[in-house]
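Welcome, and thanks for joining this tour. Please open the model in your viewer and keep the selection tool ready.

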Amino acid sequence: MQPEMLGAARLTRYSFGRSMLRIANRDGWRVEPVHLDLNAAGEGDVAYRIDAGGHLFHFVAFLVALDEGAHTDRVIAERWEIVGALVEGDLSPERWDELRENVPAQERGRLDPGVLVITRGNRSVRFFDYLIDELAAGRQPDPELVGDAGYIMRSTAFYANGKFGMRSFGGYPSDHPLAAPYRAQFLAAWCFRELSYDVIEHCAELRGADRAVPFSDGWRTFFGLGN
């Protein structure tokens, strides 16, 4: 627990994130966007379908744009620009309506064991619109401007493990793909990160039409998820 030792402790093959990605690669997990309904300001809703070795999940997110003065990264905030949930199973119209009503409410919502994780967060105030404008104009971002950013969106929480009526960790069968500590949270975080890229590229395409370009491969792997 000495500070110099903790500072040297980096990811290992036993780290939660690497463990999840290793299992996902081994078992051929597939993640694909199946619903993306956003306007040019990045407001709307999105869903990703996750086939995890025969187990079906969805990551859903609801997005709005807040005035800069309404931003707060404190966990006690009551409004966020992005709220999301990792859920098990299919998305019926009735399920969509339930999630749309309760996920934005976060702690005040009514959740059930089919919901595994809920999260929320905000856009980068400095770079969200800049990145859209650059891609819309057919340019990649300037590394001198965004090289120290590290993220496009940031989360303030990943709630799980039985909170607010969600699935408890003890509720996963032993052969469940998420039956390992923090695997559900890291899957939700990975989807949140992919969402940040997809929203920027989608908004750039709407604003820039034929001029717009996607992120280059280098940029597509650069940004993480703030927290």
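**Stop 1: a salt bridge from helix to strand**

Select arginine 100 and aspartate 45: the two form a salt bridge, with their closest N and O atoms 3.2 Å apart. A salt bridge here is a side-chain nitrogen of Lys or Arg within 4 Å of a carboxyl oxygen of Asp or Glu. Before going on, please note that this is a predicted model, where local features need pLDDT of at least 70 and side-chain atom pairs count only at pLDDT 80 or more, while totals for chains, interfaces and linings use all residues. Residues are numbered from 1 along each chain as its sequence is written, and side-chain values use heavy atoms, with hydrogens and water left out.

Arginine 100 sits in helix α3 and aspartate 45 in strand β2, so this pair ties together parts that are 55 residues apart in sequence. Helices (H or I, at least four residues) and strands (E, at least two) are DSSP runs, numbered from the N terminus. Is aspartate 45 buried or exposed? At 10% relative accessibility, aspartate 45 counts as buried, while arginine 100, at 37%, counts as partly exposed. Buried means under 20% relative accessible area, exposed means over 50%, and partly exposed is in between (1.4 Å probe, protein chains only).

Aspartate 97 is partly exposed, with a relative accessible area of 48%.

**Stop 2**

How many aromatic pairs does a search of the whole structure find? The search finds 12 aromatic pairs. Phenylalanine 62 and tryptophan 96 form one that is edge-to-face, 5.8 Å centre to centre with 80° between the planes. Rings of Phe, Tyr and Trp (its six-membered ring) pair if their centres lie within 6.5 Å; planes under 30 degrees apart count as stacked, over 60 as edge-to-face and the rest as tilted. Phenylalanine 62 and tryptophan 96 are both buried.

For a stacked pair, go to tryptophan 219 and phenylalanine 223, whose rings are 5.5 Å apart centre to centre, with 20° between the planes. Both of these residues are buried.

**Stop 3: glutamate 43**

Select glutamate 43, in the loop between β1 (30–38) and β2 (44–52). Its C-alpha is 7.7 Å from that of phenylalanine 62, although the two residues are 19 apart in sequence. Which backbone atom lies 3.2 Å from a polar atom of the glutamate 43 side chain? That atom is the backbone nitrogen of alanine 65. Glutamate 43 is partly exposed, with a relative accessible area of 30%.

**Stop 4: helix α4**

Colour helix α4 (residues 128–136) next. Seven of its nine residues are buried, so α4 is largely enclosed by the rest of the structure. Phe128, Tyr130, Leu131, Ile132, Glu134, Leu135 and Ala136 are the buried ones. To see what covers them, show elements including β5, α5 (143–146), β6 and α6. After the helix comes glycine 138, with a positive phi near 85°.

Aspartate 133 also belongs here: this residue forms a salt bridge with arginine 207, the closest N and O atoms being 3.4 Å apart. Aspartate 133 is in α4 and arginine 207 in α6, so the pair ties together parts that are 74 residues apart in sequence. Aspartate 133 is partly exposed, at 42% relative accessible area, and arginine 207 is partly exposed too, at 33%.

**Last stop: a salt-bridge network**

Finish by selecting Arg193, Glu194, Asp198, Glu201 and Arg220, which are linked in a network of salt bridges. Over the whole structure there are 14 salt bridges to look for.

Methods. A polar contact is a pair of N or O atoms within 3.5 Å; within protein, one must be able to donate a hydrogen and the other to accept it, and residues adjacent in sequence count only if both atoms are side-chain atoms. Contact means heavy atoms within 4.5 Å.
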